[in-house]
Amino acid sequence: QVQLVESGGGLVQPGGSLRVSCAASGSIFSIKAMGWYRQAPGKQRELVATITSGGVTNYADSAKGRFTISGDNAKNTVYLQIDSLKPDDTAVYYCTAYVVRGDLYWGQGTQVTVSS
């Protein structure tokens, strides 16, 4: 079992930056990759970015340029930096962990609201 706790969401003005964090606990040795998804109001959940345990990153086309995923293995934490925030970035951001057994774990989500 892997537990994921997101933090760092909030209200941000357009053009600002925000970093959301995800702390993993439990069977962290089994994690192969972690990622971030988001779900905007009235829309389907979509992948934003992933990072493997070896540090290889991958981004959705819509996330390239303004989103940066990174990890701190010592803290068992993954981050998502979002720059030049737009109102369309308003969503609940979910952390995920993909483990060797093939299971995908989800965090509870953190709300990011971009508004003036």
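**View 1. Arg 45 lies over the face of Trp 106 in this predicted model.** Arg 45 is 4.7 Å from the ring centre. Trp 106 is partly exposed, at a relative accessible area of 35%. A second residue of this kind is Arg 19, which lies over the face of Tyr 79. Here the distance to the ring centre is 4.1 Å.

**View 2. Tyr 37, Tyr 94 and Trp 106 form one aromatic cluster.** A search of the whole structure gives two aromatic pairs. Tyr 37 and Trp 106 have ring centres 4.9 Å apart. Their planes stand at 55 degrees, so this pair is tilted. The pair links distant parts of the chain, 69 residues apart. Tyr 37 belongs to strand E4 (residues 31-39), Trp 106 to strand E10 (residues 104-106). Tyr 37 is partly exposed, with a relative accessible area of 22%.

**View 3. The rings of Tyr 94 and Trp 106 make an edge-to-face pair.** Their centres are 6.2 Å apart. Tyr 94 lies in strand E9 and Trp 106 in strand E10, so the contact ties together parts 12 residues apart in sequence. Is Tyr 94 buried or exposed? Tyr 94 counts as buried, with 13% relative accessibility. The cut-off for buried is under 20%. Trp 106, by contrast, is partly exposed.

**View 4. Tyr 98, Leu 104 and Trp 106 form a nonpolar patch on the surface.** Together the three residues have about 270 Å² of accessible area. Tyr 98 is found in strand E9 (residues 91-99). Its relative accessible area is 36%, so Tyr 98 is partly exposed. Trp 106 belongs to this patch and also to the aromatic cluster with Tyr 37 and Tyr 94.

**View 5. A disulfide joins Cys 22 to Cys 95.** The structure holds one disulfide. The S to S distance is 2.0 Å. Which hand does the disulfide have? The torsion about the S-S bond is about -80 degrees, so the disulfide is left-handed. Cys 22 lies in strand E3 (residues 18-26) and Cys 95 in strand E9, so the bond ties together parts 73 residues apart in sequence. Cys 22 is buried, at a relative accessible area of 0%. Cys 95 also counts as buried, at 0% relative accessibility.

Definitions and conventions: Residues numbered from 1 in each chain as written. Predicted model: local features only at pLDDT ≥ 70, side-chain atom pairs only at ≥ 80, totals over all residues. Heavy atoms only, no water. Patch = residues over 30% accessible without salt bridge, like charges linked within 9 Å, V, L, I, M, F, W, Y side chains within 5 Å. Areas by Shrake-Rupley, 256 points an atom, 1.4 Å probe, with all protein chains shown as cover. Salt bridge = Lys/Arg side-chain N within 4 Å of Asp/Glu carboxyl O. Helix = DSSP H or I, 4+ residues; strand = E, 2+ residues; numbered from the N terminus. Buried < 20%, exposed > 50% of the residue type's maximum accessible area, 1.4 Å probe, protein only. Phe/Tyr/Trp six-rings, centres within 6.5 Å; stacked < 30°, edge-to-face > 60°. Lys NZ or Arg CZ within 6 Å of the ring centre and 35° of its normal. Disulfide = S-S within 2.5 Å.
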